[in-house]
Amino acid sequence: MGALLLLVSGESNKSFRILRLKRNIALSESGFIFNPANGDSFSVNPIGLTILELLKEGVSIDSIQEKLMTMYQVKEEQLAEDFHDFTNHLNQLNLLENEPA
């Protein structure tokens, strides 16, 4: 997926995978998403909204998944699969950056 970025920290040499939501994507507190580039709008449930807000903040994929496992007490394997499906869908909807920010 073109929107997956790999950043490497110089101090610890630990890698952080990051997906970025496009800067112009508008999110409401109720889960409404608006893409002003093409006029498309969508809605997501509270879990989807949490993911989108964290992506917009530039939080790493691993940190997002850890937070979701804590918040929703879901198994790691199920979360990884659901997260992958959700972010692939975001990419298909053209909501993710295709190049590093």
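User: What should I keep in mind about the pLDDT and the numbering here?

Analyst: Residues are numbered from 1 along each chain as its sequence is written, and side-chain values use heavy atoms, with hydrogens and water left out. As this is a predicted model, local features need pLDDT of at least 70, side-chain atom pairs count only at pLDDT 80 or more, and totals for chains, interfaces and linings use all residues.

User: OK, helices. At what angle do α1 and α3 pack?

Analyst: Two packed helices are described by the angle between their axes and the distance between the axes. Helices (H or I, at least four residues) and strands (E, at least two) are DSSP runs, numbered from the N terminus. Axes are lines fitted to C-alpha atoms, for helices over the stretch in contact, and angles run from 0 to 180 degrees between N-to-C directions. Here α1 (residues 46–56) meets α3 (residues 76–92) at about 65 degrees, the axes being 12 Å apart. The pair is therefore roughly perpendicular (under 35 degrees is roughly parallel, over 145 roughly antiparallel, 65 to 115 roughly perpendicular, the rest oblique).

User: Which residues of α1 and α3 make the contact?

Analyst: Contact means heavy atoms within 4.5 Å. From α1 you get G48, I51, L52 and L55; from α3, F83, F86 and L90. By class that's 6 nonpolar, 1 polar and no charged residues (Ala, Val, Leu, Ile, Met, Phe, Trp, Tyr, Cys and Pro are nonpolar, Asp, Glu, Lys and Arg charged, the others, Gly among them, polar).

User: And how do the axes of α2 and α3 cross?

Analyst: The axes of α2 (residues 61–72) and α3 come within 10 Å and cross at roughly 125 degrees. That makes α2 oblique to α3. On the α2 side, I61, I64, Q65, L68 and M69 meet E76, L79, A80 and F83 of α3. The class count is 7 nonpolar, 1 polar and 1 charged.

User: Now the sheet. In what order do the strands run?

Analyst: Strands of a sheet pair through backbone hydrogen bonds, either parallel or antiparallel. Two strands count as paired if DSSP finds at least two bridges between them. This open sheet has 3 strands, ordered β3-β4-β5, with antiparallel pairing. β3 (26–27) and β5 (40–43) are at the edges with a single partner strand each, so one side of each has no neighbour in the sheet.
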